[in-house]
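Keep the sequence and the coordinates side by side.

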Amino acid sequence: MIMRKFRNTSVCLALLFLSELPLRAQQSPGTSDEGYFVNWFARVDKTQAEQPRWMTPLATTTPRLEEEFRYDIFWQTNNQDITLENYGGAKGLELIPSSRVEVILVAPPAYIVHNNPAVRDGFGDWGFLIKYRLLSANAEHGNYILTAFFQTTVPTGQYKNGATDAIITPTIAYGKGFGDLDIQGTFGVGLPTGSQTRIGYIYPWNNAFLYHLGRKFWPEVEVNYTHFQDGPNNGKTQVLMTPGLLIGRLHLWKRLALSAGGGFQIATTHFHSNNHNAILTVRFPF
């Protein structure tokens, strides 16, 4: 009953976020659709100037609003020493259509390679994520941020390469900078819309510690915590430590830039579904 009420509340929040898009579009400079799109990048620049200028971590979703295309690759080794390859990482196109709103569209869905003849490879679930920035200040005025997320995955995966039901994940994200050091974190709950006892609920809590070294280097360490309720891993907790390095932003052409990085995940709990995972990320901010 509690989970059902929480899920309904999350849906209401998502509708509130979506209602912001046309409202704020009308309030943007220019009253026509043409004016809205002509002023797109000016609106993006103003929005990003009001928040910290940190790098997005490898695994933890940043509370900052970004406009970029992102592509990740994961190599995850399970307890049978079989490495699953995830091409895309459920990332994609990130847009800022309004002053406090970001929309992330999974494009294309991740392609999963199991390296196991008993399991068919195929595309995973499609999804989207909406961010609504609640509070923020740039480095000159406090260097902090607080953002609400609403994420949805849709069961479109091929050959069981995804969930059997849609999953919604309301999340609160936060960040604070201390000179060249910044901390970014998220805490959420994954709520399946059906087959709850079989899929189970997950509680992901991620924290990333990044240090700005020189002009372009961002070494980091992340703590990726997941607790499982119901489902096949009921009552279990997995913690992964993720050291990594990010490089950027490297200017390419006009607004277009490049950021890239990699890291290695190591399980620190007795229970873990995978271990010794590698992550590669490439982003094109614009």
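The largest nonpolar core has ten residues. They are W54, M55, L58, F74, I145, A208, L210, W218, L246 and I279. A nonpolar core here is a set of buried Ala, Val, Leu, Ile, Met, Phe, Trp, Tyr and Cys residues joined through side-chain atoms within 4.5 Å. Buried means under 20% relative accessible area, exposed over 50%, and partly exposed in between, with a 1.4 Å probe and protein chains only. A second, separate core has six residues, among them F150, I168, Y201 and Y203.

This is a predicted model: local features need pLDDT of at least 70, side-chain atom pairs count only at pLDDT 80 or more, and totals for chains, interfaces and linings use all residues. Residues are numbered from 1 along each chain as its sequence is written, and side-chain values use heavy atoms, with hydrogens and water left out.

Return to I279. Contact means heavy atoms within 4.5 Å. Beyond its neighbours within four places in sequence, I279 is in contact with L58, A59, I73, F74, T242, G261, G262, G263 and Q265.

Now zoom out. The protein chain has four helices and 16 strands. These are DSSP runs numbered from the N terminus: helices are H or I with at least four residues, strands E with at least two. Of the 286 residues, 46% count as buried. Among contacts with a separation of 6 or more, 58% join residues 24 or more positions apart.

Next, take D125. It sits in the loop between β6 (122-123) and β7 (126-137). D125 is buried, yet has no salt bridge. A salt bridge needs a side-chain nitrogen of Lys or Arg within 4 Å of a carboxyl oxygen of Asp or Glu. The nearest side chain of opposite charge, R198, is 11 Å away; Lys and Arg count as positive, Asp and Glu as negative, and His and the chain ends are not counted. What does the side chain of D125 reach instead? It reaches the backbone nitrogen of T156 at 3.2 Å and that of G157 at 2.9 Å.

Finally, N78. It lies in strand β1 (residues 68-78). N78 is partly exposed, with a relative accessible area of 25%. A polar atom of its side chain lies 3.0 Å from the backbone nitrogen of I82. Not counting residues up to four places away in sequence, N78 touches S273 and N274. The C-alpha atoms of N78 and N277 are separated by 9.1 Å, though the two residues are 199 apart along the chain.

How values were computed
A polar contact is a pair of N or O atoms within 3.5 Å; within protein, one must be able to donate a hydrogen and the other to accept it, and residues adjacent in sequence count only if both atoms are side-chain atoms.
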